[in-house]
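Trainee: Could you go through this one with me? I'd like to begin with the strands and then move on to the packing.
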Amino acid sequence: MAENITKQQIKDINSAAAYSIACDESKDKTDIEQIALFFRYVNSAGPQEEMVELIPLKCQTRGEDICEAVLDCLRAKEIKTTHLVSVATDGAPSMTGAHRGFVALLQKSLDRKLLTFHCILHQEALCAQSFPPECTEVMNVVIQIVNKIMAKGLNHRQFRSLLDEVESAYSDLLLHNRVRWLSRGEVLKRFAACLGEVKTFMSSKGLTFPELEQPEWLEKLHFMVDMTAKLNTLNTTLQGRGGTALHMLEEVLAFERKLTVLARDLQRGTLSHFPSLREFKQAHGVINSEYLQSAITTMQASFGKRFREFREEKNTLSFPVTPLTIDPSLLNVNAFAGVSQPALELELADIADKDIWVSKFKRLTEDLEDVARQKATLAQNHKWSDIENLPRPDKLIFETWNAIPDTYTNMKKYAFGVLSIFGSTYVCEQLFSTMNCIKNKHRLRLTDDSLQSCVKMKVTSYSPDLQKLCAEVQEQKSH
């Protein structure tokens with residue numbers, strides 16, 4: 001069944017106007033490095049994000065090894081590289097090295113420039129690590145205290161009993177997982193909410209952590225609670241399937257601008273956007289707002305230095321949504337096979353005054369605004385599962401462009417090519433979670449081929465052609 005699905009995927013990829021790839025690597029349970037190779041393209045059903053191959057690397061994982069493995073995969077499956085538009089990877093040196101990284105070697109092998117993107121989620125996570133060392137140390141102390149409570153079964157049970165006795169809003173603390181993106185903020189939030197109970201329990205056990213009585217340390221704790229909550233909201237917004245690279249960039253730029261508002265809020269001392277820190281100030285009377293403001297300014301500078309490739313291509317990324325408001329000379333068409341810049345400019349001039357098609361793009365903008373409004377309301381109420389049921393932005397964009405006549409072929413090819421661009425390697429990270437569930441400690445002897453087939457059947461949106469498969473199987477005749 002997996003082989004049948006792969007054939008369907010390859011057929012659609014080769015017939016698409018353009019496609020992009022996202023590539024990331026992770027070790028499985030037997031320390032075999034697995035490269036997830038995802039393709040994003042537009043077929044008759046709309047935008048697709050599909051894992052075509054899970055490539056095992058059993059020796060070195062240098063940039064040249066990854067590039068060779070990917071090119072071998074493309075050749076073996078007879079996937080055309082002429083209409084490959086962009087590549088998204090994480091920021092590992094083996095992927096993004098200037099001379100010997102996977103991306104550089106791939107472009108050299110294809111003898112042409114591609115649009116290359118460093119996963120926007122990874123860049124956001126790196127920006128989140130720009131807190132001053134004193135703030136980072138807060139997290140380390142919290143982890144130590146949580147481990148003291150939860151490492152021993154008796155301590156853990158007694159602490160949960162204490163929370164139950166005082167009718168706490170929470171029944172337990174949370175453990176920090178460095179791998180999970182959202183772990184840090186949730187741990188700090190729960191710890192701060194249970195701070196009184198934690199102090200009481202630590203005192204009853206004769207365990208001393210002087211930081212719990214230091215106003216300077218507690219101030220930084222409450223500041224971190226508020227800031228990590230905001231970073232978690234941004235991170236959650238950037239996750240999920242169906243989001244366009246433009247949407248991700250806009251969310252990051254909006255957060256960068258919000259940091260100015262947060263710094264000003266601290267400078268004024270109103271703390272309207274820092275509920276946890278505001279409670280601390282009401283209890284203790286004063287905070288070091290200058291120090292906290294500098295922490296936000298440093299983070300804002302970190303955001304400003306990153307996302308360079310997304311910022312440079314903002315006009316290109318905006319094209320599928322607002323094609324009539326962009327100067328065609330600012331569009332990057334070099335990586336788009338079959339798209340002629342002069343012909344594209346003529347088509348844009350031709351369509352600009354034809355109301356029947358212009359109205360399509362106005363309606364698209366209204367639909368995207370409506371989805372964004374509903375998503376913001378649901379996110380505010382923490383109804384994450386309901387967000388999954390909203391129309392996908394890339395699907396709405398596809399339906400609009402699919403209605404445009406083929407006489408505007410350069411516009412359509414360019415729009416579908418831009419729509420294929422990966423803004424992050426989220427789908428790869430999600431796949432690795434699935435991979436580790438399938439190849440777990442009870443199934444370590446699972447072969448690479450079997451692992452790939454199982455993972456593909458789990459994550460694909462395609463259905464195998466069972467009728468064809470059954471016809472190819474020899475019937476077992478009765479004796």
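Trainee: Which residue in strand 3 does L37 stand opposite?

Mentor: L37 stands opposite E53 of strand 3, and please keep in mind that this is a predicted model. Strand 3 covers residues 46–57 and pairs with strand 2 in the antiparallel sense, with eleven bridges between them.

Trainee: And how many residues lie between strand 2 and strand 3 in that hairpin?

Mentor: Two residues separate strand 2 from strand 3 in the hairpin.

Trainee: What about strand 1, how does it run relative to strand 2, parallel or antiparallel?

Mentor: Strand 1, residues 19–27, runs antiparallel to strand 2 and is joined to it by nine bridges; within that pairing, I21 has F39 as its bridge partner. These two strands also form a hairpin, here with five residues between them, and D31 in the turn has a positive phi of about 65°.

Trainee: Is strand 2 buried or exposed, then?

Mentor: Eleven of its eleven residues, 33–43, are buried, so strand 2 is largely enclosed by the rest of the structure. In a regular strand the side chains alternate between the two faces of the sheet. Here both faces are covered, with E33, I35, L37, F39, Y41 and N43 buried on one side and Q34, A36, F38, R40 and V42 buried on the other.

Trainee: Now the packing: which residues have the most contacts inside the largest nonpolar core?

Mentor: Those are F191, L221, F223, F303 and F319, in a core of 98 residues. Leaving out neighbours within four places in sequence, F223 is in contact with F131, C135, L266, F274, L277, L292, A295 and I296. A second, separate core has 32 residues, including I21, C67, C73 and L110.

Conventions: Residues are numbered from 1 along each chain as its sequence is written. This is a predicted model: local features need pLDDT of at least 70, side-chain atom pairs count only at pLDDT 80 or more; totals for chains, interfaces and linings use all residues. Side-chain values use heavy atoms; hydrogens and water are left out. Buried means under 20% relative accessible area, exposed over 50%, partly exposed in between (1.4 Å probe, protein chains only). Helices (H or I, at least four residues) and strands (E, at least two) are DSSP runs, numbered from the N terminus. Two strands pair if DSSP finds at least two bridges between them. A nonpolar core is a set of buried Ala, Val, Leu, Ile, Met, Phe, Trp, Tyr and Cys residues joined through side-chain atoms within 4.5 Å. Contact means heavy atoms within 4.5 Å.
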